[in-house]
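Please open the structure in your viewer and keep the selection tool ready.

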Amino acid sequence: MMARVPLYKTAETEVLRRIETGVWPVGTRLGNEFELAAEFGVSQGTMRRALMTLESAGHLHRKPGRGTIVAEPTTAAAATPTDFHRLTLPDGAPLPLEVFRAKVTERAPEGEEAKLFPGPVHALSRTLKSGGDRFALEEVLIPIDLIPALDEDQPADFLDLLADLALTPTQVEDRLHADITTMGDSVALACDRHTGLLCLTRVARDAGGKVLARQSLRMAGPAAYGVTLGG
């Protein structure tokens with residue numbers, strides 16, 4: 001059975017086709033996410049993901065208050081497309097996430113965090129669900145100097161969250177390790193003590209290398225992490 005192509009990839013392919021065939025020439029200002037989502041028959045979050053991927057590849061410019069514009073071909077050719085969505089279900093399908101609990105606090109960076117953040121940060125702590133079950137414990141750190149105010153009502157997907165805050169990463173550094181649940185983890189995730197965890201830490205940076213956010217995920221549910229080698 002052939003693997004299902006994620007909807008955001010289908011939308012991404014069609015946008016790129018329109019750019020490359022001249023339907024949308026350089027400088028074309030596209031509709032907003034809501035309008036594009038309706039045109040392509042996908043959700044607004046799915047459309048946002050497709051646009052973010054194309055922006056990271058240099059095909060689009062997205063500026064808060066100015067919308068999305070088709071970029072110069074030279075800019076697109078110089079960029080290296082990167083798939084930031086490596087976390088999936090074990091069968092390769094997109095990982096559905098929803099927020100179960102969330103709270104935001106403000107604090108100073110602690111320990112190794114100080115190497116990434118020179119000043120205070122928002123700490124968004126959440127319990128995420130997938131397929132109706134508690135899936136992961138998450139903490140997202142965002143510099144207060146970038147986002148002065150942050151509330152708990154944010155998209156479950158890390159990159160969708162950044163897009164909603166008008167933060168555009170051009171690189172995301174991932175680090176994986178294994179762990180087991182503590183007593184507190186087990187209670188929060190409604191799982192057995194000493195359950196195995198897949199732990200993922202992601203650091204999102206802009207084109208200048210500035211850290212936009214750091215995500216820490218402790219996942220008890222089924223998930224896969226894919227890496228593509230070679231061109």
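Begin by selecting Arg-49, which counts as buried because its relative accessibility is 15%, below the 20% limit for that class. The model on display is predicted.

The side chains of Arg-49 and Asp-157 form a salt bridge, with 2.7 Å from N to O. Arg-49 belongs to helix H3 (residues 44–56), while Asp-157 sits in the loop between strand E6 (133–143) and helix H5 (158–164), so this pair ties together parts that are 108 residues apart in sequence. Asp-157 also counts as buried, at 18% relative accessibility.

**Second stop: strands E9 and E6**

Select Arg-214 and Glu-139. Their side chains meet in a salt bridge of 3.7 Å, N to O. Arg-214 is part of strand E9 (residues 211–219) and Glu-139 is part of strand E6, so the contact ties together parts that are 75 residues apart in sequence. Now extend the selection to Arg-107, Glu-110 and Glu-113: together with Glu-139 and Arg-214, they are joined into one network by salt bridges that share partners.

Select Arg-18 and Glu-14, which form a salt bridge whose closest N and O atoms are 2.9 Å apart. Both residues lie in helix H1 (residues 7–20), 4 residues apart, which is about one turn of the helix. Arg-18 counts as buried at 15% relative accessibility, and Glu-14 counts as partly exposed at 21%. In general, side chains of opposite charge can pair when their charged atoms come close. Across the whole structure, a search finds 19 salt bridges.

Select strand E8 (residues 196–205), which is mostly covered, with 8 of its 10 residues buried.

Finally, select Gly-209. The hairpin of E8 and E9 has 5 residues between the strands, and in this hairpin Gly-209 takes a positive phi near 90°.

Methods:
Residues numbered from 1 in each chain as written. Predicted model: local features only at pLDDT ≥ 70, side-chain atom pairs only at ≥ 80, totals over all residues. Heavy atoms only, no water. Salt bridge = Lys/Arg side-chain N within 4 Å of Asp/Glu carboxyl O. Helix = DSSP H or I, 4+ residues; strand = E, 2+ residues; numbered from the N terminus. Buried < 20%, exposed > 50% of the residue type's maximum accessible area, 1.4 Å probe, protein only. Pairing = 2+ DSSP bridges.
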